[in-house]
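Hi,

Here is the structure I said I'd pass on. Have a look, and then read my notes below it.

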Amino acid sequence: MGRLVTLMTGQWADLPFEEMCKLAKQMGYDGLEIACWGSHLDLQRAIKDDAYVEEIKKNLKDNGLVCKALATHVIGQCVGDYNDPRLDNFAPAELAGKKDEIRAWAIQQMKYAPVVAKKLGVKIITGFVGSPIWKYLYSFPQTTEEMIAVGFDEIYKLWCPILDEFKKNDCVFALEVHPGEIAFDYYSTERLLKKFENRPEFGLNFDPSHLIWQGITPHLFLKDFADRVYHVHMKDAAVTLDGRSGLLGSHIDFGDLRRGWNFRSLGHGDVNFEEIIRVLNAVNYQGPLSVEWEDSGMERVAGGTEAAAFVRKVDFAPSDVAFDAAIATN
C-alpha cells in the first residue's frame, strides 16, 4: 500500500468542515491537511472547547479520514510580514489596519497551533513565516547584505518563542518555500535552515510547484534538503513563456493565459513527479502526499478527484531486491 493521499483544505475553506470531509472521501482521499482558517479549524475555539475538537475528530472518523497535518499559512504570514494592507485579508476584520495588533494576534495563534495539534493527535504543522525583506527582492534601489541579514535575524527572533511551544508539544513546523517568504528558492532556504540549525522542530514542507517556474529542479531541491523535509505537497505548475510573458507575472491574476506560468492540476504541468517519488523512496519518507489543488482553469471537484487518482498512480514502492540478484549462479 502506498503513502496516504491527503488533501490540503485551504482552497476549499468556503465549505463547512462536515461537507469538506464528505467531499474529500468521495474524491478518493485518505485524509486531510486541515486549514486553520475559513470554516475548517478555529484555533482559538479549539484551545478552549474540547467538544469542538471532538466534533472535528468525529467528522474525520465518520468519513474514514485521518489528519496528519494542520495548515497555518495565512496566520504565519502575519508573523513575519508587517504593515502590509493585504494582511487585512488574513487577520480578523476588527484588526484591519492595525499592524501591531495583527502581528500579536498571529504570534498567539501560532502558539495555539501546536497545542491544538496535540489535542488532535497531529505532529506536523505546515505554513509560512512571512518576510520583512521580500520587498527587497530586486536589488534596486541597492540592497545591502546588512539589510538582508537583519531580515533573517528578525524572522529568527520572531519565530523562536513560537517554536518553543512546538517543542513543548512534540510538534514540528514545516515551512513551505514560496515566493513572499524569506526562504523562496534554493539558496535562501539554505541560509534560513542554517539560521535555524539549532531548532530541529523547524523544517520544510516540500512543494515543487513553487520551484519549477523559478528554474529550480524540484527533485534536486528535495534530495539536498531531505533531512529537513517533514511534509510533502503534491502540486503542479506549467511554464508557458511565449516571448511576451515573463516569470514575474505582470500583475495578472492566476489562470490568465497571458501569464508566463500558472499552477495546474496534477499531471497537467511540468513537474516530474516520478523523480520526486524516487527521492522520497531513497530517503524513506513515509509521511502523507498532500494534494494542494490549485488550477483556475479547471472545475475543482473534477480536478481534485483526478489529482487523488494521479497521486496513487505515480506513488510506487521502492524495490526490496536487487534487480540483477537472480542472475548470480552461486
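First, the ground rules. This is a predicted model, so to speak of local features pLDDT must be at least 70, and side-chain atom pairs count only at pLDDT 80 or more, while totals for chains, interfaces and linings use all residues. Residues are numbered from 1 along each chain as its sequence is written, and side-chain values use heavy atoms, with hydrogens and water left out.

Ser 290 sits in strand β10, residues 289-291 (strands are DSSP runs of E, at least two residues, numbered from the N terminus). Ser 290 counts as buried because its relative accessibility is 0%; buried means under 20% relative accessible area, with a 1.4 Å probe and protein chains only. The side chain of Ser 290 has a polar contact of 3.3 Å with that of Thr 6 (a pair of N or O atoms within 3.5 Å; within protein, one must be able to donate a hydrogen and the other to accept it, and residues adjacent in sequence count only if both atoms are side-chain atoms).

Beyond four places in sequence, the contacts of Ser 290 include Met 8, Glu 33 and His 233 (contact means heavy atoms within 4.5 Å).

That brings us to His 233, which belongs to strand β7, residues 229-234. His 233 is buried too, at 0% relative accessible area. Its side chain makes polar contacts with the side chains of Asn 205 at 3.3 Å and Glu 292 at 3.1 Å. His 233 also touches Met 8: the two are 225 residues apart in sequence, yet 8.4 Å apart C-alpha to C-alpha.

Cheers

Technical notes: Helices (H or I, at least four residues) and strands (E, at least two) are DSSP runs, numbered from the N terminus. Buried means under 20% relative accessible area, exposed over 50%, partly exposed in between (1.4 Å probe, protein chains only).
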